[in-house]
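Q: I would like to go through this model with you, a piece at a time. Could we start once it is on the screen?

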Amino acid sequence: MNLKETELCLGLPGGAETVESPAKSGVGNKRGFSETVDLKLNLQSNKQGHGDLNVSGSIKEKTLLQDPTKPPTKAQVVGWPPVRNYRKTVMATQKNGETEETMSSGGGTIAFVKVSMDGAPYLRKVDLRMYNSYKDLSDALAKMFSSFTMGSYGAQGMIDFMNESKVMDLLNSSEYVPSYEDKDGDWMLVGDVPWPMFVESCKRLRIMKGSEAIGLAPRAMEKCKNRS
Amino acid sequence: MTRDRSEMSEDDDDQQSQSQSPPLDLRSAAIAEPCSSSSSSFSVVDSTPNKSRNCISSGTLTSQPFPDHVLENVLENVLQFLDSRCDRNAASLVCKSWWRVEASTRSEVFIGNCYALSPSRLTQRFKRVSSLVLKGKPRFADFNLMPPDWGANFAPWVSTMAKAYPWLEKVDLKRMFVTDDDLALLAESFPGFKELILVCCEGFGTSGIAIVANKCRKLKVLDLIESEVTDDEVDWISCFPEDVTCLESLAFDCVEAPINFKALEGLVARSPCLKKLRLNRFVSLVELHRLLLGAPQLTSLGTGSFSHDEEPQSEQEPDYAAAFRACKSVVCLSGFRELMPEYLPAIYPVCANLTSLNFSYANISPDMFKPIIHNCHKLQVFWALDSICDEGLQAVAETCKELRELRIFPFDPREDSEGPVSEVGLQAISEGCRKLESILYFCQRMTNAAVIAMSENCPELTVFRLCIMGRHRPDHVTGKPMDEGFGAIVKNCKKLTRLAVSGLLTDQAFRYMGEYGKLVRTLSVAFAGDSDMALRHVLEGCPRLQKLEIRDSPFGDAALRSGMHRYYNMRFVWMSACSLTRGCCKDIARAMPNLVVEVIGSDDDDDNRDYVETLYMYRSLDGPRKDAPKFVAIL
């Protein structure tokens with residue numbers, strides 16, 4: 001006997017399993033503060049942290065629910081089972097983390113690389129596959145390391161290595177430039193190859209002062225010439 | 001057994017408060033009012049020695065104030081030894097001079113609901129407070145049942161106390177909204193500040209923590225427990241002063257931001273009193289190893305990630321077990337945030353000493369778990385994920401004969417997930433761990449028989465929280481409701497003070513609760529009961545009930561009205577998605593002026609204008625709060 005049919009439920013008309021209310025966050029919300037919550041998962045730190053984690057927690061849950069290998073599950077009731085958001089978020093991060101571990105060992109579809117910046121006290125990690133262009137990456141890194149700017153790149157976001165003087169101008173400034181370690185173990189300037197190729201070959205990022213990166217420029221131009 | 005709050009986050013109050021009423025209840029307030037408002041009645045008591053209840057014989061008394069001063073001095077010296085707040089409450093009710101002396105000697109204040117009174121009332125009554133415990137949002141707010149920005153702001157408290165208690169040493173907050181500015185004010189206003197404990201709080205970030213670390217030079221305890229701390233990208237560890245610190249406890253496992261490990265190493269090295277250290281997941285196994293070598297005096301350790309990022313070269317792999325072996329004093333172990341199970345055996349050397357073990361973020365299988373737990377004979381507190389399965393629980397039952405507290409959390413917290421633990425595990429625990437006092441158990445299936453067994457085998461139970469994750473799920477063997485199981489719990493566990501029910505429950509279960517639950521203080525109900533009678537049984541039958549939280553249950557106006565004689569003696573009542581009307585809530589608000597009746601989030605639905613989505617009501621000495629957001633209607 002499906003006792004749920006006899007359950008006293010004051011949900012909105014037409015609302016299936018979800019027992020919803022206007023005041024709660026979650027699916028099918030009629031009015032709501034969740035609409036004002038920033039849906040960006042990682043890139044911004046803001047004091048709506050609580051709301052973000054709520055939404056990102058539920059978004060992560062939805063992703064798990066939509067896994068095609070599992071049978072479709074019914075929609076979840078808000079706040080049930082009563083596990084704190086904090087715990088749910090930690091577990092969700094772990095579950096994603098586990099898929100990362102297994103996938104990256106196969107050289108697969110996640111591309112987490114460490115990012116260090118000279119003078120910054122700690123490393124960060126970025127998933128290059130989250131970005132579509134150098135510009136996106138630059139914006140994300142700018143937020144992470146707020147004193148860092150990517151300098152002036154060409155329209156496609158690539159350094160024009162064929163133009164030697166432009167490169168030297170950039171490097172002689174005191175601005176920071178990103179460099180990366182590629183598959184061969186060489187340290188290159190970011191921007192020398194088309195974005196998809198960069199994502200494939202980048203193993204690690206280091207943001208250094210332009211003046212220190214000068215030594216990398218000749219090699220970068222060398223490789224660039226070899227490729228074209 | 002008193003449990004150190006900073007070791008595990010506690011949902012329930014201290015043991016001390018289990019059967020007592022909070023200090024600022026209306027009875028003592030009622031006595032307070034005439035005292036402070038009317039000076040003539042004040043002097044009448046003072047100058048009439050016969051009326052003052054002292055033991056000096058009336059022959060030696062004169063009408064001078066001198067004997068009263070002597071009495072008050074004596075009283076002050078005696079009352080200083082009274083720690084328990086229930087004893088102090090009782091003392092304050094004896095007479096006015098006792099009330100006065102008690103108020104001037106109370107140094108630790110506990111406020112279970114920050115909206116029960118205003119900060120100025122606190123500072124007016126108690127003049128020498130050095131420690132404050134303050135709780136804010138109701139517990140159901142943890143489960144998204146309340147919109148953010150509801151309130152519970154720490155700001156008015158810190159600004160009032162900054163002027164009144166410059167000697168303040170300790171602040172312990174739970175479910176409060178704390179901003180960086182609040183932390184800055186705290187750090188600047190209290191030069192002798194020693195202990196900051198923030199449990200399930202939010203609204204601040206690493207920049208606020210940095211200010212506290214930097215300015216509170218006498219800081220002994222900085223415990224951030226299950227709080228949401230925004231990453232302001234501040235190297236707060238480096239903000240601690242350069243010289244030797246007084247730090248005894250540093251817990252930052254909930255801070256989701258990388259830390260400067262070198263600075264942390266330096267900090268630990270110059271903190272000789274450090275006993276408790278709980279690292280966040282950004283500290284790797286290798287880094288943990290270095291810390292342990294530098295701090296063998298630790299008693300409580302949160303291990304951070306317990307993993308590492310890069311492939312280690314096997315010849316360079318540090319001897320983790322040796323580091324743990326050197327920590328002879330570790331009795332409390334937690335962390336394992338991103339556990340690599342192959343490294344778990346490193347903790348073997350400390351297992352035999354452990355009294356507290358928290359694996360609740362570690363997805364370990366029974367095979368990895370059993371060898372560990374078989375060494376933990378002294379374990380009293382154990383938290384884990386259900387990934388250890390019934391098999392793992394059987395191992396716990398075999399070994400941990402001293403177990404007092406067990407919490408099993410779901411790895412997959414969905415209603416219809418696979419359930420690796422069941423009545424089998426519960427039965428095993430009940431048979432093996434006879435001293436059990438507190439249990440929180442998430443499962444997908446359960447039987448009355450196992451719950452009844454626990455009620456019979458574990459007479460020391462004070463906290464019983466069973467969450468059968470499928471709503472309205474009956475006993476999966478008999479198909480019957482779970483009434484008999486929970487009934488047995490309230491009947492047989494004579495010390496029970498906290499109960500959370502689940503599964504298919506009829507009004508009968510509530511009849512049992514009302515009849516037998518004489519010491520129950522906290523009751524959590526979800527998706528249970530058939531009619532108003534259920535709630536009436538509880539409201540009419542449980543004399544010690546303080547905190548009642550109900551969701552999605554068919555209780556309506558008649559039931560709510562039936563409890564009106566109780567609400568002034570309770571801390572709060574929460575009812576969401578029940579069958580209450582606004583009209584009834586208004587009636588109650590009118591009839592009970594010292595009760596604040598909040599209706600949350602149901603005023604924009606024109607069709608359902610009378611329907612109350614969420615009711616949160618609580619007693620208050622200072623009337624409705626002024627900081628209620630738009631979605632809260634105070635009736």
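**Strands, helices and confidence in chain B**

Q: How many bridges join β3(B) to strand β4 of chain B, and do the two run parallel or antiparallel?
A: Five bridges join β3(B) to β4(B), residues 195-199, and the two strands run parallel; two strands count as paired if DSSP finds at least two bridges between them. Within this pair, B:Lys170 has B:Glu195 of β4(B) as its bridge partner. Helices (H or I, at least four residues) and strands (E, at least two) are DSSP runs, numbered from the N terminus.

Q: Before we go on, what are the ground rules here?
A: This is a predicted model, in which local features need pLDDT of at least 70 and side-chain atom pairs count only at pLDDT 80 or more, while totals for chains, interfaces and linings use all residues. Residues are numbered from 1 along each chain as its sequence is written, chains are lettered from A and ligands numbered from 1 in the order in which they are written, and side-chain values use heavy atoms, with hydrogens and water left out.

Q: How does the chain get from β3(B) to β4(B)?
A: The path from β3(B) to β4(B) goes through helix α8 of chain B, residues 180-189, as a right-handed β-α-β crossover; right-handed here means that, with the strands pointing away from the viewer, the path from the first strand over the helix to the second runs clockwise.

Q: And which strand is joined to β3(B) by five other parallel bridges?
A: That is strand β2 of chain B, residues 131-135, which runs parallel to β3(B) and is joined to it by five bridges. The chain crosses from β2(B) to β3(B) through helix α7, residues 155-164, and this β-α-β crossover is right-handed. B:Leu134 stands opposite B:Leu173 in β3(B).

Q: Why call β3(B) largely enclosed?
A: Because four of its five residues, in the run 170-174, are buried; buried means under 20% relative accessible area, exposed over 50% and partly exposed in between, with a 1.4 Å probe and protein chains only.

Q: Which residues does B:Thr160 touch?
A: B:Thr160 lies in helix α7 of chain B and is partly exposed, with a relative accessible area of 22%. Leaving aside residues up to four places away in sequence, B:Thr160 touches B:Pro119, B:Ser120 and B:Thr123, where contact means heavy atoms within 4.5 Å.

Q: Changing topic, which residues of helix α10 of chain B are buried?
A: In α10(B), residues 261-269, the buried ones are B:Phe261, B:Ala263, B:Leu264, B:Leu267 and B:Val268. They cover an arc of only 155° around the axis, so they sit on the same side of α10(B), the arc being that of the directions from the helix axis to the C-beta atoms. On the other side of α10(B), B:Lys262 and B:Ala269 are exposed.

Q: What do the buried residues of α10(B) pack against?
A: They pack against β8 (249-251), β9 (276-279) and α11 (285-294) of chain B.

Q: Which residue caps the N-terminal end of α10(B)?
A: B:Asn260 does, with a side-chain oxygen 3.2 Å from the backbone nitrogen of B:Lys262. A polar contact is a pair of N or O atoms within 3.5 Å; within protein, one must be able to donate a hydrogen and the other to accept it, and residues adjacent in sequence count only if both atoms are side-chain atoms.

Q: Further along, is strand β21 of chain B covered on one face or both?
A: Both faces are covered, with B:Leu595, B:Val597 and B:Val599 buried on one side and B:Val596, B:Glu598 and B:Ile600 buried on the other. β21(B) pairs with strand β22, residues 614-619, in the antiparallel sense over six bridges, and in β22(B) the bridge partner of B:Val599 is B:Leu615. Three bridges also join β21(B) to the antiparallel strand β23, residues 632-634, where B:Val632 is the bridge partner of B:Ile600.

Q: Where in chain B is confidence lowest, and where highest?
A: Taking pLDDT as the predictor's confidence in each residue, from 0 to 100, confidence in chain B is lowest in helix α2, residues 39-47, at a mean of 29, and highest in β4(B), at 98. Chain B averages a pLDDT of 87, and 87% of the residues score at least 70.

Q: What about residues 9-62 of chain B?
A: pLDDT stays under 50 over that stretch, for which the model has 95 contacts beyond four places in sequence. Where pLDDT is low, the predicted coordinates should not be read in detail.
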